[in-house]
Amino acid sequence: MANVCVTTLTASTLSLTFQDTETPNVNNFTFAANAITSVVCKKEGQNCVVTVTGTGIVDGVQFPFEAVFRDQVASAANDNVQSFVITGFLLKFQKVTNESLY
């Protein structure tokens, strides 16, 4: 869920819940932004592509992120996530996974 605005960054919110459909309940997690530093909107036809950057928390650890989604013009339409990158998250996940092998 995102409620972001370029003029009110401190009041903006963004969270995503990731669900691993191949191994249910094994790799699921929720990401919650704790600081949004930038919101950029690029008009494409009637819709906008919105890029949001900042930092957020997964399991108590803070990571930088960049989220890109298509904001649908119809108010009842769901916005489409184009990409969501949590910098350093995979490295942290791999380290925990590798340590658990020993």
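Visitor: How do the residues of the lining of the second largest pocket divide into nonpolar, polar and charged?
Guide: This is a predicted model, in which local features need pLDDT of at least 70 and side-chain atom pairs count only at pLDDT 80 or more, while totals for chains, interfaces and linings use all residues. Residues are numbered from 1 along each chain as its sequence is written, and side-chain values use heavy atoms, with hydrogens and water left out. Ala, Val, Leu, Ile, Met, Phe, Trp, Tyr, Cys and Pro count as nonpolar, Asp, Glu, Lys and Arg as charged, and the others, Gly among them, as polar. The lining, which includes M1, L14, S15, F69 and D79, divides into nine nonpolar, one polar and one charged.

Visitor: Which strands each supply at least two residues of that lining?
Guide: Strands here are DSSP runs of E with at least two residues, numbered from the N terminus. Those that each supply at least two residues of the lining of the second largest pocket are β2 (13-18), β5 (61-71) and β6 (80-86).

Visitor: How many aromatic pairs does a search of the whole structure find?
Guide: Rings of Phe, Tyr and Trp (its six-membered ring) pair if their centres lie within 6.5 Å, and planes under 30 degrees apart count as stacked, over 60 as edge-to-face and the rest as tilted. Ring pairs link F18, F29, F31, F63, F65, F84 and F89 into a cluster, and the search of the whole structure finds seven aromatic pairs.

Visitor: Why is the pair of F31 and F65 classed as it is?
Guide: Both F31 and F65 are buried (under 20% relative accessible area, with exposed over 50% and partly exposed in between, for a 1.4 Å probe and protein chains only). F29 is also buried, at a relative accessible area of 15%. The ring centres of F31 and F65 are 5.1 Å apart and their planes stand at 70 degrees, so the pair is edge-to-face.

Visitor: Which parts of the chain does the pair of F31 and F65 tie together?
Guide: The two parts are 34 residues apart in sequence, because F31 lies in strand β3 and F65 in strand β5.

Visitor: Which residue forms a salt bridge with R70?
Guide: A salt bridge is a side-chain nitrogen of Lys or Arg within 4 Å of a carboxyl oxygen of Asp or Glu, and by this rule the count comes to one. R70 is partly exposed at 22% relative accessibility. Its closest N and O atoms to the partner are 3.1 Å apart, and that partner is E44.

How values were computed
1 Å grid on protein atoms, 1.4 Å probe; cavity = no way out; pocket = protein on both sides within 12 Å on 5 of 7 lines; lining within 4 Å. Helix = DSSP H or I, 4+ residues; strand = E, 2+ residues; numbered from the N terminus.
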